[in-house]
Amino acid sequence: KMYLHSVQSYLWNRMASFRLNQNRISAQFGDLVFVEKCGIENGTDSAVEDGVVDTEKEFEEIEKNDDLKHSVHVVTEEEEKKKVYGIEKVVLPMIGYGTEFPKGELGVFVENLMKEHGFDLRIKTSITDEYGLKGSYRRLIAFPKNVEYEIKSYKTEDEKVVTTELETLLDSVESKTNGMDKNCAEQEDNDRELQTLEPIHSESEIDDAKLEIKHALVVSFTLKAAQYATMFLRELTKHDSSVAAQKLLQSKTHGSPRALQ
């Protein structure tokens, strides 16, 4: 089942690359968009803008809809000319026997791709039914939330600039465990005594002081399921995220692990 779903993901990624390479910022003929006719009951919070569902809650409700093919609208040539829908409204199918298929150039592209590999996930068979290959939809473009950034300084490549969630959790547990320990008071007294002593610098510390100060950009953000941080960072930095590019970057920095972060 995992391999079959990976085929769906492969097709989705190829469609996304093809569609974005067309450099069109509005929906074009053949694109799929979610629309009000998807079966959402009237009377709910009106989050339908220009006839297109725009909230995550309703988006999730649509994906639960048994009739996936009627959950989407195929953009017409007239709508393309009038630029009715922006590209942020476009969805792509995780192709299955229950999803609508894009038309136009994108539809031709993915159909030829499936022929090239000798399969068609649109056909309902005992295998596609057994393994749940009904399909679903994913937005072509997603926007991260809670985006924050911070510039931090460091000198060596192995110097820590961020603390992982696991380290934070372990520190919290350790702090609570030792909070009432009598040794804490004794340790504080020892620390005060040490602070009065003349600092002693090792050779490594002296060498470290001579190192050039570098700067790191630390970014935090929130993404939803099926949205990947690597893709967000690629778009943010405009840097090639392929394995070959990362290996080249690593070799240029003498094998520094930070090149892969």
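Which elements each supply at least two residues of the nonpolar patch? I started my notebook on this predicted model with that one. Strand 7 and helix 9 each do.

**Entry 1: the nonpolar patch**

I then checked Tyr149 by itself. Tyr149 sits in strand 7, and with a relative accessible area of 65% I have Tyr149 down as exposed, since the cut-off for that is over 50%.

**Entry 2: positive phi**

Next I went through backbone angles. Asn146 is not a glycine, yet its phi is positive, about 55°. Asn146 belongs to strand 7, which runs over residues 145-154. Is Asn146 buried or exposed? Asn146 is exposed, at 57% relative accessible area.

Lys238 also turned up in my search: not a glycine, and a positive phi of about 55°. I found Lys238 in the loop between helix 9 (229-237) and helix 10 (243-252). Lys238 has a relative accessible area of 67%, so I call Lys238 exposed.

I also noted a glycine here.

**Entry 3: helix 4**

I stayed with helix 4 and looked up its span. Helix 4 is made of 14 residues, and I get 21 Å from its first C-alpha to its last. That is close to the 20 Å expected at 1.5 Å a residue.

Which residues of helix 4 are buried? I listed Leu106, Gly107, Phe109, Val110, Leu113 and Met114. They lie on the same side of helix 4, because the arc they cover around the axis is only 160°. What do the buried residues of helix 4 pack against? They pack against helix 1 and strand 5 (90-94). On the face turned away from that buried side, I see the exposed residues Lys115 and Glu116.

**Entry 4: salt bridges**

How many salt bridges does a search of the whole structure find? I get nine. I wrote up some of them.

Glu105 pairs with Arg24, and their closest N and O atoms are 3.7 Å apart. Glu105 is partly exposed, at 43% relative accessible area. Arg24 is partly exposed too, at 32%.

Glu100 and Lys103 bring their side chains together in a salt bridge, 3.3 Å from N to O. I looked up Lys103 as well: its 37% relative accessibility makes Lys103 partly exposed.

I also checked Arg234 and Glu235. Their side chains form a salt bridge at 3.2 Å, N to O. Arg234 is partly exposed, with 32% relative accessibility. Glu235 is partly exposed as well, with a relative accessible area of 40%.

Last item in this entry: which residues are linked in a network of salt bridges? I find Glu111, Asp120 and Arg122 linked in that way.

**Entry 5: recap**

For my own use, I put two points side by side. Strand 7 holds Asn146 and also Tyr149.

Key:
Residues are numbered from 1 along each chain as its sequence is written. This is a predicted model: local features need pLDDT of at least 70, side-chain atom pairs count only at pLDDT 80 or more; totals for chains, interfaces and linings use all residues. Side-chain values use heavy atoms; hydrogens and water are left out. Helices (H or I, at least four residues) and strands (E, at least two) are DSSP runs, numbered from the N terminus. Buried means under 20% relative accessible area, exposed over 50%, partly exposed in between (1.4 Å probe, protein chains only). A salt bridge is a side-chain nitrogen of Lys or Arg within 4 Å of a carboxyl oxygen of Asp or Glu. The expected span of a helix is 1.5 Å times one less than its number of residues. The arc is that of the directions from the helix axis to the C-beta atoms. Contact means heavy atoms within 4.5 Å.
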